[in-house]
Amino acid sequence: MANQKISALTSLTGANVEQLADVLPIVDNSASVTKKILVSELAQALLVLGTEQATTSGTEKDFTIPAWAKRATLTLAGVSTSGTSPLIVQLGDGGGIENTGYSNSAISANTSDSTSVAGSTAGQIIANPGAASSTQTGHVVLTLENSSAFTWVITSSIGDANQTRFYTSAGSKATSAAATTIRLTTVNGSDTFDAGAVNILFE
C-alpha cells in the first residue's frame with residue numbers, strides 16, 4: 001500500500017465514521033467505496049527514495065527535486081574523487097544550476113585537532129579531502145525554510161574513512177525560483193568521481 005497512488009483518496013469524517021487510532025478511513029472517488037489505510041503506511045508513502053548513482057565517473061551528479069518536496073537527504077557512501085578540491089552541493093531551478101550566493105561554513109576535525117574550513121559562495125562545502133584517496137560517507141540535509149523566497153537551509157555530517165576526519169557544515173541558499181535540482185560536485189568542477197555511490201531521499 002505504501003507505493004500506491006493515493007492522490008484520488010479523500011479522508012472521511014463524521015460521527016458515523018469508524019476512526020481507529022492507527023487507521024485512516026478514506027473514500028476512493030473513482031469507485032465510490034470506503035477503504036482504510038494504516039497511518040504508519042501513509043507516513044512511509046511520503047518518504048521517496050531516489051535512484052542510486054555510482055560516483056565512479058564524471059564531475060557532477062544531479063537529482064531532480066519533486067515539486068512537493070520540503071526536505072531532501074543526500075546520502076554519500078564511500079564517495080571519492082581524483083583530486084583534493086572540496087566537495088560541494090549546489091541547487092538549481094528552471095534557469096539551471098546556481099553557482100553563486102551560497103552562505104556557509106564548515107569544520108574539519110579528527111582526534112587531535114579541528115580546523116575551520118572556508119565557506120564557498122559557489123556551493124555548500126560538505127567535505128575538504130586531504131588526498132585523492134579520501135572516501136566520504138555521510139548525509140547532507142536540505143530543508144526548505146521559505147517557499148516564497150525559495151530559501152533552503154543545508155547541513156551536513158560527513159566522515160572521511162581514509163583520512164580519519166569528520167566534517168560538518170551549515171549554510172543557506174535562496175534560489176531565483178522553485179528549486180528543481182540538487183547537484184553534488186567539487187569547487188573546481190574538474191576533479192572526477194572515482195569511487196562510491198550517492199542517493200537521495202525526499203519527504
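Q: Is F150 buried, partly exposed or exposed?
A: This is a predicted model in which local features need pLDDT of at least 70 and side-chain atom pairs count only at pLDDT 80 or more, while totals for chains, interfaces and linings use all residues. Residues are numbered from 1 along each chain as its sequence is written, and side-chain values use heavy atoms, leaving out hydrogens and water. Buried means under 20% relative accessible area and exposed over 50%, with partly exposed in between (1.4 Å probe, protein chains only). F150 has a relative accessible area of 25%, so F150 is partly exposed.

Q: Where does F150 lie, and what is its phi near?
A: F150 lies in the loop between β13 and β14; strands are DSSP runs of E, at least two residues, numbered from the N terminus. Most residues other than glycine have a negative phi. In F150, phi is positive, near 60 degrees.

Q: Is T164 buried or exposed?
A: T164 sits in the loop between β14 and β15 (165-174). Its phi is positive, about 50 degrees, although T164 is not a glycine. The relative accessibility of T164 is 55%, so T164 counts as exposed.

Q: Is N199 buried or exposed?
A: N199 has its place in strand β17. N199 touches L49, G50, T51, E52, F63, T73, L74 and T75, not counting residues up to four places away in sequence; contact means heavy atoms within 4.5 Å. Its relative accessible area is 13%, so N199 is buried.

Q: Which residue's backbone oxygen lies 3.2 Å from a polar atom of the N199 side chain?
A: L74 is among the residues that N199 touches. The backbone oxygen lying 3.2 Å from a polar atom of the N199 side chain belongs to G50.

Key: Helix = DSSP H or I, 4+ residues; strand = E, 2+ residues; numbered from the N terminus. Polar contact = N/O pair within 3.5 Å; in protein donor to acceptor, adjacent residues only side chain to side chain.
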